[in-house]
Amino acid sequence: MRIKGSIIHFFLILLVAASTGFTQKALFRTSSQKRLVETARDHRWSVNFHKSKPDTIHIMAFMVEFQPDSLYLTTGNGRFGMRDGGEKERDELRWYSDKTVYKFDRLPHDSLYFVNQLETVAQYYRKVSRGNLVLKYSLYSTDPDGNPYTVPHSLPKYSPGGKKKDETLDQYYERKSTGLLRFSRDAILEVSKIPEKSPFSRLTFNPSDSTIRDETGLKTAFLIFHAGATYFTDARMDSEADMYDVFITPDYFKYYRDSLGLPQNGVVVQGKNSLLVDELMICSETANQDSLNCGIQGILVNQIARQLGVPDLWASSGSGVGGFCIMDIGADFNGSGFIPPYPSAWVRAFMGWDEPKIAPVGVAKTYSIKALSTVLDKIAMGQQSNDTTILMVPINNHEYYLIENRQRNLSGNKNLFNYDTTDYRRNPIAAYPFHVNLDSVLKQTGPSGTVTLPENNDIGLPASGVLVWHVDEHLIRQRLQYNMVNSDSTYKGVRLVEADGITDISVQFQNVLGELVSDFGGAEDVFPYESVIDSSSKTVRVNGFGPYTRPSTRSNDGGHSWIKLQFTPQSSIQKEYSVLMRGSHHHYTSNISDSVFKVSVQWDYLVPSWPKRTAPEEFFEPVSGNFDPSTEAAELVLVSKSGKIYAWSADTLSLTSYNRKLLPVDRVDLKGDTLHNSDTISFLDSLPQIIAMPSVVANRVFMPSANGCIYSLSTLSPEVRIDTIRLDATPSSYVCNYKDSAWAVGCRNGVVFFGNFMNPVHSVKLKSDSAVNAVASLAGSSYTIAVIQSDGRLSLCTAGKNSADLSIVVPGIAPYTLVTGDLDRDTALEIVVSDSRHGLWVYELDLKLAKGWKEKPTDWPSTYAYIDTKKQNADDRTVLPVNYSAPALADLDKDGHLDIVISGTNGIYAFNYKNALLSGWPAYLDTRYWYQRGSVQSSPAIVCGANREPLVLFSSATGDNITFRAAKVVKADLNSGTVWFYLEDGALDSITDFTRAQMDTILNYNDSLIAHDITPGGLIDALTKDAKRPSKNNSIIQSSWPLTAGSPLICSPMLCFMDEDKTPDLIAVSTEGWVYRWEIAKEILPDSLFWPMPGYNSGRSFTYGGSPLPVIAGTSEPISFFSYPNPARGVKNVTIKYQFSGPASNVRLDIYSITGFVVYSMKKMGNPPEELTGSYPSWNEHNVSVEKFGPGVYRCRLEATINGKKHSRFWKMAVIK
């Protein structure tokens, strides 16, 4: 028990070191930024590259010891092997002489001992890299006899002991770090003391790549073996001056440069030319101490990996991916430090040592995954292997799964494990990290008993089975240059999908002794596994995961990928049993050991062969239609704002490619740098100066151009044909197909052209010369179209006339959008106007405001938090967020009237024809966290959802999770919980409703909201008529929405029928140039597409073209009413919202104080919201000023006559001042 307890303390040390003080200043985990070998840092993606050639590097190692010391703060006396040791070293020397305690890495620790250590590490990398990395090494001492270099001071001088009573942790670690850097400086200077005899004399600095080369031209790295034991195995916690094993980079030399008296960010030594040693690996002589027999193999493998440029995968809270990868804290000591695990799938791919097999997106298929250890063994014996060891399954454009088969023991030799002897029923394998029987696994070499490379380094893993890694390239790109890939335990760049759905790796716990403990992974974290409690006959089997499981296949932004993964062993011949105590019960878990696993990959809803790829840029809204006469299926046409045209067939089996021209495009690498011409995309054609979204007229795609024309894509096959329609002015709007083949387009000089098919017919000169922003059909009325110009002039025009029939000026801010429809069921159309700040107006056909609408726009969709906390002009609408998207029309509440649905600040808003918000609306995003100022910038689409209820779809850059990046915090108000900051594009923004703890966290990071608050994303989300995300009951309440697109969606969602299966197709386009197509038969019914795309249809009529609306829903309550906000805190006005079960008269509202005094009374009926109305159906609103109300509770009474009978209803309202 003493040794087992010591190991627990040892892991406690690792955890505390990682979580309490090892920030950048503590030098704990770092990674080289030099390009010693080819890695994914040299390529756009972290896994999609083929290694051009094997790498060879030279490691120069130096043996360095200290001046002797007799302090009990260290293990040993500062000399290798504790030579000349005294009383203090008695116990350690006794354990070394007892081969039952220190069985491996015994004394002497001489040159041969370190050479053997380096040879084993070289074999490890040769094997795991499949021969792609060759490590040459040389060990240096002062003379041929192996006498080490000696620094001027004792170990405690360089590695101070415990924290002083009067210093903070930061001050203590500052002291510790300064000592480490001072030791690094002194060691290098000691090695180079006699320049002509120095090992550096043979080296040359290569300015072309800033590397140091040896005499053969090999890139060279430096390693110091120092005397003494590593701090990380101080089981008794009695030698706090033992030194950390660290990797030092130029950043640390830069930080401590003045303290060290260095003229440069490193130590200058003389070689064949001047050399700057600014990166350095430091490794302890041994990990043996306090009777704990541990090796330094894991430390060496980890140090060299960081020198190669492999990022750390530990999290700020401790372990990041557990003991499953050498780049995690604690994995250094798998197999007691003698058996470092093989790198994870992501690390191997990152280094170019393993090429993933990519599962085609949308294609259901089963793959075979071979155990890594068997493939490496096969290659090590000189045999070729094409077996798949990593399967890559894309989630969206920047997230994917890497799936691998990792096995501890395929031999069936039970002697390789230790077992839990306290349980006699199932004889389970002992818990990690105590499960490896080192005597049976390890082989020794040399007089010191250094270990050779074991047959399978994965024997030390926490479990056997299929590991699934969730990789997020956006997060990696943000963090890689800072070596913080997994710094945020909530959103990791490389995350192990824990099969039991409990994300406890990287979570800290306390045991019964109050000590911090951490989970490094176990049998329940790999696929597949079976679990049973005690002697229960019920067995839980987990052999995969999908949309509704836990874990789920959702992306990091919270969206559904609709991927289903199942893992099946090929033979199921061998199981490994483990046991956990939870409460008073034994939980037995078994993993399956098999050399081959079958992985079944399925995509629900995503159409095979989609998404398609384009060059990443901005796009206009897409259109669909049958533009290829040789096929019956439709085609999708997408036009970029640079004029690139793309076209794809709906037929997933078609081999026809319309996009035949090649376009080199730039990509962004993992560091955020632009790589020019790094990819090639195919496109259909390119047109100059396209200024508005395309429209479909007579089965042709019309694209207005600033060249004074409209380009018409007439056909895609057999040849692409693009015609030109010349105009006498420059278009400034889209083309509106208002009837059959008739169309209209607005121009910059205030002229509207009418045309038919390919011919302009006549033009209308408007009263203003201002550019036309929008055109909408007035089909069914005496007018042809409505148009609005940049100066706000709204005009009604009739085809055949030379001037506008009617016009007024709308007091908004250009540009404007228009939609039309019969909102109030009077058989006449209304015109809905929205400006660039999403203010709303509704006009009748006589251009008078509809009832309930005012000259001052409805600005609900533009809720705004001022950057300056000083009082500003409330009428200044220029400070409101800009939003160019158009509204949509649909009957959401089924009262027979069209409602106005519009995107806006942090959500979607819905108004009835009377200018009242629908009940339950708006639908806000991110309310689980805080209210975020950020607009939904696309037009919503409304379709028929499950149960034939209206379903609102919209493109969201936020959705469930926070998805923006703040570059610099400029101001914070702790009282209101508001933070003002600059975005990456320089725009000033703000977030409010932070808790004090959240504020403290943000301010702790000084001037940045770093990636722990951010995850990039883009979603297609959905809302029911009640402004709720639709849910489904599948044992627990979940939703089929949102859908992930990976990056923000630049276009609005589009619904269309692209093939003959009668299932609507949902189209979305992301900023990264991915074009998605889903068919969600159970969620989107073909019954009715109420408003399927911006403009209602591909002709961009911008008028509701559905059938007359039936009245389905109503209220049985004679009067329903309430007030908001309630309580009214710090507001001037309260809104009374009310509705009736039928047309009402004699409506009266009275508000009483608690004593019965009438403080407000209104019975005048007229134009709401200032006056009351008896309008039916749907909600009405009335505004009440509460500026003169005192604080208290008030009783509201609403009275009305309905169907000849008087009714009344009461409501309590609170005012807080």
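Ala 890 stands opposite Asp 899 of strand E51, a handy place to start. This is a predicted model, where local features need pLDDT of at least 70, side-chain atom pairs count only at pLDDT 80 or more, and totals for chains, interfaces and linings use all residues. Residues are numbered from 1 along each chain as its sequence is written, and side-chain values use heavy atoms, with hydrogens and water left out.

**Two open sheets**

E50 and E51 (residues 899-904) run antiparallel to each other over 3 bridges. Here strands (E, at least two residues) and helices (H or I, at least four) are DSSP runs numbered from the N terminus, and two strands pair if DSSP finds at least two bridges between them. The pair belongs to an open sheet of 4 strands with antiparallel pairing, in the order E50-E51-E52-E53. Strand E50 (888-890) and strand E53 (923-924) sit at the edges with a single partner strand each, so one side of each has no neighbour in the sheet.

Another open sheet of 4 strands is ordered E12-E27-E24-E23, again with antiparallel pairing. Its edge strands, E12 (365-370) and E23 (544-545), each pair on one side only. Lys 370 has Val 596 in E27 as its bridge partner.

**Bridge counts**

| Strand | Partner | Antiparallel bridges |
|---|---|---|
| E12 | E27 (residues 596-603) | 6 bridges |
| E67 (residues 1119-1124) | E69 | 6 bridges |
| E69 | E72 (residues 1180-1185) | 6 bridges |

**A strand with two partners**

Strand E69 (residues 1133-1140) is mostly covered, with 7 of its 8 residues buried; buried means under 20% relative accessible area, exposed over 50%, and partly exposed in between (1.4 Å probe, protein chains only). Lys 1137 in E69 stands opposite Phe 1122, and its bridge partner in E72 is Glu 1181.

Ser 712 lies in strand E37 (residues 709-715). It counts as buried because its relative accessibility is 0%. What does Ser 712 contact, leaving aside its neighbours within four places in sequence? The list is Arg 700, Val 701, Phe 702, Arg 721, Ile 722, Asp 723 and Met 758, with contact meaning heavy atoms within 4.5 Å.

Over in helix H2 (residues 90-97), the buried residues are Glu 92, Trp 95 and Tyr 96. Looking down the axis of H2, these buried residues fall within an arc of 100 degrees, so they line one face of the helix. That arc is taken from the directions from the helix axis to the C-beta atoms.
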